[in-house]
Amino acid sequence: MHIIVNLQPLLTPLTGIGYYTRELTRELLADANTTSVAGVTGRKLETLTLNHPLLTTSSQAGAPHTERDHPAWQFARRYLRNPLTRKMYRWLCSQRLRYNVEHPDALYWEPNYILLPWKGRSVVTVHDLSHQRYPQHHPAERVRFLNQQLPKSLQRATRINVVSQFTANELQALHGIAAEKIDIVPPAVGPQFFLPPTEEQVAQLTQRYQLPERYLLSVGTLEPRKNLATVLEAYASLPLAQQQATPLLLAGMQGWGSHTYTPQVQQAFSRGTIRRLGYVPSDDLPGLYAQAQGFVYVSLYEGFGMPVVEAMAAGTPVLTANTTATTEVAAGAALEVDPLNNEAVRHGLQQLMETHHDTRITAGKARAQQFTWQRSSEQLLASFHRAMQEEL
């Protein structure tokens, strides 16, 4: 089977979709039944190998760049945030698909919502529909683009992949997609998250991020959908002694939107009981999770919620939302609260700080072990084979 993958999600600092694209592409390359895998970027369509720069990580031997200093990362940071240059980039990618394909019977996999022009069989992955449920929590330009392009993409796709049953239900409810056209291919958690950090790694992370002895951790792009304003207000309302004993650390890139904080939250930032770590490379995440007293991920809306599984794999108690996909993913192994209830979030934070969570930690590790990239790859390939059996 000849497969074409759009690698655009790898040209920006890796977030959930980027990791998803990279890890599943690597699994496709390792599969003996895959004839070839080609990747499309704005520059060219090229046959991929496991040591392609966009598919390596800084921890792999011979990797030429870290995620933050790769030239493609720098290009994307400067240009792909602009709507006009992003449109031009998509046009250039579409020309690569149109003119450079040697195998007209190839299957095109789009891991990021919107199919490029392609007349053959295709599979598109939809991660969530938050732009429809919470349009106010996205940039207006992004909402317009998805509202215009996603229905066309869903109609053209041979098959549609989603990352959870929740998102499958959303597609059926909001777009009328038949259940038999949808395949579930969830993200996964790498084996590195299950390994306890060494003493040397702990020392390096502690020095690099000035880690306190105890802390709560939140991981994710800092944007409205992640509901951090509620979390921060709930945390800042805790007794000062509790905040000082267990600061809250925020790991993630600054997303879109302005942030106005209450005086209590601003005071917590000023005294350092709430602290931003900024973008954290993937190599550092397992150790940060493992050393945390608890992990906080109380989003308003998630199609999956990879950090929930990563934290559980690392043996860290998780506080998450009792709505959308995070409750499906946690499957009873996490503390769950109403994300819109400030008092419930406050109580959940206190439970993370004060309660022994041995049973929940054991359940979380067992739940995380159900999500492997090999299993997800098998589900992805099964979807590809179904697509290839359908008539054009």
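This is a predicted model: local features need pLDDT of at least 70, side-chain atom pairs count only at pLDDT 80 or more; totals for chains, interfaces and linings use all residues.

Reader: Why are α1 and α16 called roughly perpendicular?

Author: Helix α1 (residues 16–30) and helix α16 (residues 373–389) pack at an angle of about 80°. Angles of 65 to 115 degrees count as roughly perpendicular, so that word applies to α1 and α16. Their axes lie 9 Å apart.

Reader: Which residues of α1 and α16 make the contact?

Author: From α1 come Tyr-19, Tyr-20, Glu-23, Leu-24, Glu-27 and Leu-28. From α16 come Trp-373, Gln-374, Ser-376, Ser-377, Leu-380, Leu-381 and Phe-384. Sorted by class, the contact of α1 with α16 has eight nonpolar, three polar and two charged residues.

Reader: What does Leu-28 touch, leaving aside its neighbours within four places in sequence?

Author: Leu-28 is in contact with Ile-3, Thr-34, Val-37, Trp-109, Ser-377, Leu-380, Leu-381 and Phe-384. Leu-28 is also one of the residues that touch the most other members in the largest nonpolar core, which has 61 residues. Trp-109 and Phe-384 are among the others named there.

Reader: Which helix gives the most to this core?

Author: That's helix α12 (residues 306–313), with six residues.

Reader: What makes α12 "mostly covered"?

Author: A residue is buried when its relative accessible area is under 20%. In α12, eight of its eight residues are buried, including Met-306, Val-309, Glu-310 and Met-312. That's how α12 gets the description "mostly covered". After α12 comes Gly-315, with a positive phi near 80°.

Reader: Now the sheet. What is the order of its seven strands?

Author: The order is β3-β2-β1-β4-β5-β6-β7, with mixed pairing, and the sheet is open.

Reader: Why are β3 and β7 called edge strands?

Author: Strands β3 (45–47) and β7 (182–184) each pair on one side only. That puts them at the edges.

Reader: How do you know that β1 and β2 pair?

Author: Two strands pair if there are at least two bridges between them. Five bridges join strand β1 (residues 2–6) to strand β2 (residues 36–40), so they pass that test. The two strands run parallel, and Ile-4 has Ala-38 of β2 as its bridge partner.

Reader: Which strands does α1 touch where it packs on the sheet?

Author: Helix α1 touches β1, β2, β4 (107–110) and β5 (122–126). Its direction makes about 155° with that of β4.

Technical notes. Residues are numbered from 1 along each chain as its sequence is written. Side-chain values use heavy atoms; hydrogens and water are left out. Axes are lines fitted to C-alpha atoms, for helices over the stretch in contact, and angles run from 0 to 180 degrees between N-to-C directions. Helices (H or I, at least four residues) and strands (E, at least two) are DSSP runs, numbered from the N terminus. Angles under 35 degrees count as roughly parallel, over 145 as roughly antiparallel, 65 to 115 as roughly perpendicular and the rest as oblique. Contact means heavy atoms within 4.5 Å. Ala, Val, Leu, Ile, Met, Phe, Trp, Tyr, Cys and Pro count as nonpolar, Asp, Glu, Lys and Arg as charged, and the others, Gly among them, as polar. A nonpolar core is a set of buried Ala, Val, Leu, Ile, Met, Phe, Trp, Tyr and Cys residues joined through side-chain atoms within 4.5 Å. Buried means under 20% relative accessible area, exposed over 50%, partly exposed in between (1.4 Å probe, protein chains only).
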